[in-house]
Amino acid sequence: MSAPRKLWIKTYGCQMNVYDSERMSSALAAAGYEQGASPEDADLVILNTCHIREKAAEKVYSDLGRLRPLRAAKEAAGGRMQIAVAGCVAQAEGAEILRRQPMVDLVVGPQAYHRLPAMAERAARGDGPQIDTDFPEEDKFDHLPQAPKARRAPAAFLTVQEGCDKFCAFCVVPYTRGAEVSRPAARILSEARELVDRGVVEITLLGQNVNAWHGEGPGGRAWGLGDLVRALAEIEGLARIRYTTSHPNDMDDGLIAAHAEVPKLMPYLHLPVQAGSDRILKAMNRRHTAADYLRLVARIRAARPDIALSGDFIVGFPGETEADFEATLTLVREVGYASAFSFKYSARPGTPAADAASQVPEPVKAERLARLQSLLGEQQAAFQAGCVGREMPVLIEKPGRHAGQMVGRSPWLQAVHLAADAGLLGRIVPVAIEGVGTNSLAGRLVA
Ligand code: 5AD
Ligand code: SF4
């Protein structure tokens, strides 16, 4: 028997990509691949790329450049190294990748990962470089092993939805990930049960536009994400449910009510608004105003008063004036975020905003980003400081860096460091919070 082939994946970007990398690993494990320790060690190297912001493609090409000597050394020693580019850069650039970097063997978009083992096989046979960036008619969820079988972490991700129909004017996702597709409720529930049987106690439902998820419940009743959350909450042994990422316009009444009525639904919500000026929101094609968003936040907080919010923001969208930017600061002050991600606008080729004449100069973007981040940083620090002196349930997720230390997760998604026995892995324990870092808390196990 030949030795198992080795696989090495570099993952860029979002949680969806982390999950996709695990699914590619599972699909390739079924074809006889094992995880390698390094790219040097691997027969197949996959760059699972992200295209959402900034010079993503350039980063990929420079990483490919670094792989070139490794591959040459391996081939000189009689070995082999196939190189695959996956993810959104693969989807967006397609054959262009082969033109610029002919040593690439496989270019595979997010809709075609289940065909990866066959593609690798064909390339290895000498059939030449393989490209697959089609959006298939078939349901790719049918083909991919869903959950990675080997992992035993107490917290898991579960994809319930992929793609996006919103077409925000700055965003590549609708082009690289395609139209919104929801997985059927029954499949999600059975996979969740499987995860729980394997020791998972916290599930985060994933989707580019997760709260647009829709499906059918028993008797053909139309279900929204709130119904799915309620059904998941019935699973014994599942203690915590989260979901990400949401669009404000898809926060329907049923989902907001679930925040009030389902204790397992954690009090933390990532709800990007992007900007606070109605003029810019309109240009971004967000289809809501700042006031709509504030009203929505008020309703969510009425349903679950201890909910912590996080958001995404873009500064320097084409046409953004100082007054527009100040409207973003005003909105941030009104909402009060526990954490947030903020970015300078970067033109993504092929999106409507990329060709706008009124691009904001780089130094202006940088200056606005610094002001926004300083405000968001103050809010985050205030939220963190407010946790000190409180006692909260913490899910113990993994060993810490020091002996005798474990790391867990608060209901508000903060990492919590504490002295604890490894036997507590997967348990939810009461912890008294005694100190804070930027993103993490330190605490003591309460007897
Ligand atoms: N420029 C800057 N930020 C962007 N995002 C998406 N596209 C762009 C872009 N072209 C940000 C948005 C989104 C997050 C995932 O990335 O804030 O919510
Ligand atoms: Fe992109 Fe999110 Fe807008 Fe969809 S809703 S286009 S993923 S920013």
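Which residues do ring pairs link into a cluster? They are Phe-170, Phe-317 and Tyr-345. The notes below concern a predicted model.

1. Aromatic cluster. Within the cluster of Phe-170, Phe-317 and Tyr-345, the rings of Phe-317 and Tyr-345 have centres 5.4 Å apart and planes at 70°. The pair is therefore edge-to-face, since planes over 60 degrees apart fall in that class. Phe-317 and Tyr-345 are both buried.

2. Where that pair sits. Phe-317 belongs to the loop between strand S15 (308-315) and helix H12 (322-335). Tyr-345 belongs to the loop between strand S16 (339-344) and helix H13 (362-385). Because the two residues lie in these separate loops, their pairing ties together parts that are 28 residues apart in sequence.

3. Other aromatic pairs. The count of aromatic pairs comes to four. One of them joins Phe-167 and Tyr-175, edge-to-face, at 5.5 Å centre to centre with 75° between the planes. Phe-167 is partly exposed, with a relative accessible area of 37%. Tyr-175 is partly exposed as well, its relative accessible area being 37%. Buried would require under 20%, whereas Phe-317 and Tyr-345 are buried.

4. Charges over rings. Two arginines are placed over tyrosine rings. The charged end of Arg-5 sits over the ring of Tyr-33, 4.5 Å from the ring centre. Arg-100 lies over the face of Tyr-61, and here the distance to the ring centre is 3.7 Å.

5. Nonpolar cores. The largest nonpolar core has 69 residues. The members that touch the most others are Leu-205, Leu-225, Leu-228, Leu-232, Tyr-243, Met-251 and Tyr-337. For Leu-225, setting aside neighbours within four places in sequence, the contacts are Leu-205, Val-210, Asn-211, Trp-213, Tyr-243 and Leu-255. Another core lies apart from the largest one; it has 21 residues, including Val-45, Ala-56, Val-60 and Leu-67.

Note on methods
Residues numbered from 1 in each chain as written. Chains lettered and ligands numbered in written order. Predicted model: local features only at pLDDT ≥ 70, side-chain atom pairs only at ≥ 80, totals over all residues. Heavy atoms only, no water. Phe/Tyr/Trp six-rings, centres within 6.5 Å; stacked < 30°, edge-to-face > 60°. Buried < 20%, exposed > 50% of the residue type's maximum accessible area, 1.4 Å probe, protein only. Helix = DSSP H or I, 4+ residues; strand = E, 2+ residues; numbered from the N terminus. Lys NZ or Arg CZ within 6 Å of the ring centre and 35° of its normal. Core = buried A, V, L, I, M, F, W, Y, C linked by side-chain atoms within 4.5 Å. Contact = heavy atoms within 4.5 Å.
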